[in-house]
Amino acid sequence: MPRRSNLLTVLSLLVLGLLGAVMAERSAGCGKANTIRSQQYTITINGKQRQYIMKIPDRYDNNFAHKLIFTWHQLGGSAQKIVNGENINQGGALPYYGLNALANNTAIFVVPNGLNAGWANQGGEDVTFFDELVKRVEADLCVETTQRFSTGFSYGGAMSYAVACARPTMIRAIAVISGSQLSGCNGGNSPVAFYGQHGTSDSVLNVSGGRQLRDRFVRNNGCTPVNPEPQPNGQNSVKTVYQGCREGYPVTWVIHRGDHNPSQTDAGSSTPFAPRNTWEFFSQFS
């Protein structure tokens, strides 16, 4: 009996330890009556007024740990344009890059507004903005802290990349749509799950810049490089899932023949492929 009792004690401690680890991944806002609503907010970062828009699920449950998704706008864009969406037939993106329509009340969206309608990230001020937003949101709302994601088109993709470089332990995965290194890369030596897509006919940010971002995380994540370089299949995109990556740090690359466009479609389709690809990439970590 003493031996059995000791065994039960050990098992109980292990179970409690595992439960504690699981609970530790839930934000401080879990179980609280939330004060954050779906609206615009203003905070001061380094003496500058910064705006952002929050979108919480219509059926928000303060006991359910949600994904936290940052959506960064392109140069000349705004948080409001990300929320409203723009004409996808004229180079615009769907609202929240099409992700809210797929989330089914499982995600909280943070939509930051850039200084001078961009993400120069001077002195790391936009990464500091990200830090403060994570802190404020998770203190009030129920977030699975291992489920933070970031995406954006063009300059917004560059900002997602900057976050992955500077805060690899805070971000689970990023999705870079037609991006390049425009917002810096402070650090950039740690693995982060990476999805990227780019067009070979991009007239704004050459595809070589997107490949450079991808290749950093191919190296960081321990993936096997692909040779020859993946190419589009006519008017259809080609998705490459890299092999040999470290457990939990995949890299997926989508190449297409289009221009600088967040809403590129395949031949015969009117539906942009970025939203579904991004959501599937993020959802594998659930």
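In this predicted model, a disulfide joins C223 to C245, with a distance from S to S of 2.1 Å. The link of C223 and C245 is right-handed, with 115 degrees about the S-S bond. Of the two partners, C223 lies in the loop between α6 (207–220) and β8 (238–241), whereas C245 lies in the loop between β8 and β9 (251–256), so the pair ties together parts that are 22 residues apart in sequence.

Another member of the set is formed by C165 and C185, whose sulfur atoms are 2.1 Å apart. With -90 degrees about the S-S bond, the link of C165 and C185 is left-handed. Distant parts of the chain are linked by this pair, as C165 is placed in helix α5 (residues 155–166) and C185 in the loop between β6 (173–177) and β7 (193–199), 20 residues apart. With regard to accessibility, C165 counts as buried at 3% relative accessibility, and C185 is also buried, with a relative accessible area of 19%. The value for C185 falls within the buried class because that class is defined as under 20% relative accessible area.

The remaining bridge joins C30 to C142, with a distance from S to S of 2.0 Å. A value of 90 degrees about the S-S bond makes the link of C30 and C142 right-handed. Here C30 is found in the loop between α1 (2–24) and β1 (40–45), and C142 in the loop between α4 (125–140) and β5 (143–153), so that parts 112 residues apart in sequence are tied together by the pair. As for burial, C30 has a relative accessible area of 17% and is buried, while C142, at 0% relative accessibility, counts as buried too.

The arrangement of the bridges along the protein chain can also be described by their order. When the bonded cysteines are numbered in sequence order, the pairing reads 1-2, 3-4, 5-6. In terms of residues, the corresponding disulfides are those of C30 with C142, of C165 with C185, and of C223 with C245.

Methods:
Residues numbered from 1 in each chain as written. Predicted model: local features only at pLDDT ≥ 70, side-chain atom pairs only at ≥ 80, totals over all residues. Heavy atoms only, no water. Disulfide = S-S within 2.5 Å. Helix = DSSP H or I, 4+ residues; strand = E, 2+ residues; numbered from the N terminus. Buried < 20%, exposed > 50% of the residue type's maximum accessible area, 1.4 Å probe, protein only.
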